[in-house]
Amino acid sequence: MDVTEAIDDSFGIDVIFPDGDKTAPCCPHGPTLLFEKVGKGGEKGRRFYACSACRDRKDCKFFQWEDEKVSEARHLAREAENKSNRPQFTHQQYCSRFRKFASLPLHEKKFCQDCQVLLLPGEHGADSSHTSMAVTAAQLRRPSVLLRPLDNKKSNAQYLFTDHSSNFLLDTLAALGYRKVLCVGTPRLQELIKLRNLEQKHEPMKSLLLDIDFRYAQFYNKDEFCHYNMFNHYFFDGEASSAVLQAFLTESDGDKVVMVADPPFGGLVKPLANSFSLISQTWRKLQSSDSGNADMPMVWIFPYFFEPRILECLPSFAMLDYQVDYDNHPLYKHGKTGRKQSPVRLFTNISPRDVVLPKEEGYRFCSLCQRFIWSLNRHCAKCNVCPSKDGREWKHCSACEKCVKPSWRHCQSCGRCALPDHPCGKAQGKEGCFNCGSLKHKLKACPVKDSHRANRHRPNAKSGLKNVSRPPVFKAKAKRKSGAARRAKKMAALSV
């Protein structure tokens, strides 16, 4: 089941953070989140627990109604499943293995591309079907290049910054006086900090990587890496990792701390904002009384179209025009194989005027907005802002009294600007269902679309098993047949 947040007043799913000390059940990714169906007009549906990190139940099948009673046998089965999903080695064992691996002669340093593990001599050839490769000292310093990136867009997809974007971030943060960088889901930034420290050409910086990908535990010690789920603020190694974070957030000898987070773009904004707020609260408690109610400096890297949701959760944040590039994403990078402009931006509570964007890359300073902007982002005297979000020059619509995308036209019937070929007569934000046209629900909740599925599962409703979890059934769309297959089927029908 895809779990998405409610948008405006349309049908959707909302994340609930209950008051009190009520403990949520756990899946392999830590404590689950409590969700609630929300209908048009604010009608509330039945609450349920589901995985915090995975939006698709194919990736994590955990589901439990909030008021459901779980048997002891089922509880034990869950614990066994959670245990079976733990990493092969503990962090301490990984560190011990790395020390042994580093001492090996070059010809004995092997990495299993199937298991994604550094191999010790006795493990070479343990599985003849697996492929191993030699590892150099330079590759050990760049684990994000050595490891195969995770690619599940609905849970843990890893898109890695280009070195150009990474160096810009580090140069900018260093210029602002930050000497400690909390890297949340940014392994490329972590390793670049360590490389720059080795080169001794820049001011030394400290870093701590928090990431759900436990494979990085092979390359970093306990003070450099914590196995962490940013969607529920969960440390897989418990209090030991929490203590590491607290020690890192303590600003001693004038070392200012900043957080840089790059969550999976398919993740829900509300749980992320909650986790980042909890990190900020921890930082605030560790500061001197002079800090008052100040928030921890943060940079959240996310696509620009999430701006309304991020600002709703974190009003002190602002979106910057800087376009972040990725090495292994087909769209979010510059070059012949990608789009000209990346839609990924920086959201931060650092003053926008203090973040200097590079002039040689097409950015300039707007004295009216007091921030650096993209060259095509022209200041609008009527709106009194530089309005562009996507890198194109926007235009002002007098009827809408705001600036809109250049491809949009004002529609008199709808009373708003939209694409020329938009479905006319539907108010903005109330498109409703694409299947039946109703404004009371979205396509996922269309009763007509799901009626055949309900009929198919109706016999189970008479079985009397009332206490068994039955989450809504969401079947993946069948693959569309090729043109040749459709023509062959048609010819077969005509020949009968």
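Set aside the neighbours within four places in sequence, and Pro87 is in contact with Tyr94, Phe214 and His227. This is a predicted model. Pro87 sits in the loop between helix H1 (72–84) and helix H2 (91–102). One of its contacts, Phe214, lies 127 residues away along the chain. Even so, the C-alpha atoms of Pro87 and Phe214 are separated by 7.0 Å.

Helix H2 lies across strands E7 and E8. The helix runs at about 45° to E8. These two strands belong to an open sheet of three, in the order E8-E7-E9. The pairing in this sheet is antiparallel. Strand E8 (117–119) and strand E9 (132–134) stand at the edges. Each has a single partner strand, so one side of each is left without a neighbour in the sheet. On average, neighbouring strands here are turned by 35° against each other, direction ignored. Now look at one pairing in detail. Strand E7 (residues 110–112) is joined to E8 by three bridges. Which residue of E8 is the bridge partner of Phe111? That partner is Leu118.

Another set of strands lies earlier in the chain. Strands of a sheet pair through backbone hydrogen bonds, either parallel or antiparallel. E4 is mostly covered, with five of its six residues buried. Strand E1 (residues 12–16) is joined to E4 by five bridges, and the two run antiparallel. Here Gly12 stands opposite Val38 in E4. E4 also pairs with strand E5 (residues 44–50). Five bridges join E4 and E5, and this pair runs antiparallel. Within it, Phe35 has Phe48 in E5 as its bridge partner.

Thr162 lies in the loop between helix H4 (143–146) and helix H5 (163–175). Why does Thr162 count as buried? The reason is its relative accessible area of 13%, because buried means under 20%. Which residues does Thr162 touch, leaving aside neighbours within four places in sequence? Thr162 is in contact with Asp325, Tyr326 and Asp327.

H5 packs with helix H6 (residues 187–199) at an angle of about 70°. Their axes are 10 Å apart. That angle makes H5 roughly perpendicular to H6, because 65 to 115 degrees counts as roughly perpendicular. The crossing of H5 past H6 is right-handed. On the H5 side, the residues that meet H6 are Asp163, Ser166, Asn167, Leu169, Leu170 and Asp171. On the H6 side, they meet Arg188, Leu189, Leu192, Ile193 and Arg196.

Last, the cysteines. A disulfide is a covalent bond between the sulfur atoms of two cysteines. How many disulfides does the structure hold? It holds zero. Cys400 is in no disulfide, and the nearest cysteine sulfur, that of Cys417, is 3.7 Å away. Cys400 is partly exposed, with a relative accessible area of 21%. Cys313 is partly exposed too, and its relative accessible area is 29%.

Definitions and conventions:
Residues numbered from 1 in each chain as written. Predicted model: local features only at pLDDT ≥ 70, side-chain atom pairs only at ≥ 80, totals over all residues. Heavy atoms only, no water. Buried < 20%, exposed > 50% of the residue type's maximum accessible area, 1.4 Å probe, protein only. Helix = DSSP H or I, 4+ residues; strand = E, 2+ residues; numbered from the N terminus. Pairing = 2+ DSSP bridges. Contact = heavy atoms within 4.5 Å. Disulfide = S-S within 2.5 Å. Axes fitted to C-alpha atoms, helices over the stretch in contact; angles between N-to-C directions. Parallel < 35°, antiparallel > 145°, perpendicular 65-115°, else oblique. Left-handed = near helix turned anticlockwise from the far one by under 90°.
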